[in-house]
Amino acid sequence: MKITVSGKQMTVRPSLKELTEKKLAKFDRFFGDDAEAFVVYSCRHDLQYIEITIDYNGTFFRSEEGAESFQNAIDEAIESLERQIRKNKTRLEKRLRTGAFDTVLPDDADEEEGEFQIRTKSFPIKPMSVEEAILQMELLGHQFFVFRDAETNEPCVVYRRKAGDYGLIIAE
């Protein structure tokens, strides 16, 4: 697995980078050599945060945790990723095929417009079923996910409702 470690408004110590690589090595048994892990360290609100995103054949696994120390935060993030993999292992084997999704390459460009700051992302949208879109949304830990319906080829959005179930928005 290729690992990229960076710090947001901070410099990551070499010892922390080594610890990160050592902890993420346990995921080599789940993913092939073409997997990529992106790790971002930051400090906010008197807590140490780590954000780990693993991209394997276009499927994303993501965890963001905060703790009193980076060591505790990385342990919590690793546990969270393991839970995601265990929870979705059967669904991933059944529903996803190799290369089902193109790699998402976010274009993070901050633009200022009046008093608002707008963060723009663009990514290719591949056709998929509603169930695959919900799974991808859950793996990313997002509240919504934009996709193209495999049957109608129309843009759609799935989202998590406050009641815990899911909603689907279909474009007309």
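Tyr41 and Phe70 are both buried, where buried means under 20% relative accessible area, exposed over 50% and partly exposed in between, with a 1.4 Å probe and protein chains only. The model is predicted, so local features need pLDDT of at least 70 and side-chain atom pairs count only at pLDDT 80 or more, while totals for chains, interfaces and linings use all residues. Residues are numbered from 1 along each chain as its sequence is written, and side-chain values use heavy atoms, with hydrogens and water left out.

A search of the whole structure returns 1 aromatic pair. Rings of Phe, Tyr and Trp (its six-membered ring) pair if their centres lie within 6.5 Å; planes under 30 degrees apart count as stacked, over 60 as edge-to-face and the rest as tilted. The pair consists of Tyr41 and Phe70 in an edge-to-face arrangement, at 4.9 Å centre to centre and 85° between the planes. It links distant parts of the chain. Tyr41 belongs to strand β2 (residues 36–44) and Phe70 to helix α2 (residues 70–95), 29 residues apart. Helices (H or I, at least four residues) and strands (E, at least two) are DSSP runs, numbered from the N terminus.

Gln48 is placed in strand β3 (residues 47–56). Its relative accessible area is 18%, so Gln48 counts as buried. Contact means heavy atoms within 4.5 Å.

The search of the whole structure for salt bridges finds 8. A salt bridge is a side-chain nitrogen of Lys or Arg within 4 Å of a carboxyl oxygen of Asp or Glu. One of them joins Lys23 to Asp75, with the closest N and O atoms 2.7 Å apart. This pair links distant parts of the chain: Lys23 is in helix α1 (residues 14–24) and Asp75 in helix α2, 52 residues apart. Lys23 is partly exposed, at 27% relative accessible area. Asp75 is partly exposed too, at 28% relative accessibility.

Arg44 forms a salt bridge with Glu64, and the closest N and O atoms are 2.7 Å apart. Arg44 lies in strand β2 and Glu64 in strand β4 (residues 59–67), so the pair ties together parts that are 20 residues apart in sequence. Arg44 is partly exposed, with a relative accessible area of 35%. Glu64 is partly exposed, with a value of 32%. Glu64 also meets Arg62 in a salt bridge, at 3.0 Å from N to O. Arg62 is buried, with a relative accessible area of 19%. Arg44, Glu51, Arg62 and Glu64 are linked in a network of salt bridges. Arg44 additionally lies over the face of Tyr49, at 4.0 Å from the ring centre. A charge sits over a ring if NZ of Lys or CZ of Arg is within 6 Å of the ring centre and within 35 degrees of the ring normal.

Helix α3 (residues 130–140) has 8 of its 11 residues buried, so it is largely enclosed by the rest of the structure. The buried residues are Glu132, Ala133, Ile134, Leu135, Gln136, Met137, Leu139 and Leu140.

An open sheet is formed by 4 strands in the order β7-β8-β9-β10, with mixed pairing. Its edge strands are β7 (127–128) and β10 (166–170), each pairing on one side only. Two strands pair if DSSP finds at least two bridges between them. Strand β8 (residues 144–149) and β9 run antiparallel and are joined by 5 bridges. Val146 stands opposite Val157 in β9.

Tyr159 is also found in strand β9 (residues 155–160). With a relative accessible area of 26%, Tyr159 is partly exposed. Not counting residues up to four places away in sequence, Tyr159 touches Met137, Gln143, Phe144, Asp165, Tyr166, Gly167, Leu168 and Ile169. Met137 is one of the buried residues of α3. The C-alpha atoms of Tyr159 and His142 are separated by 8.5 Å, and these residues are 17 apart along the chain.
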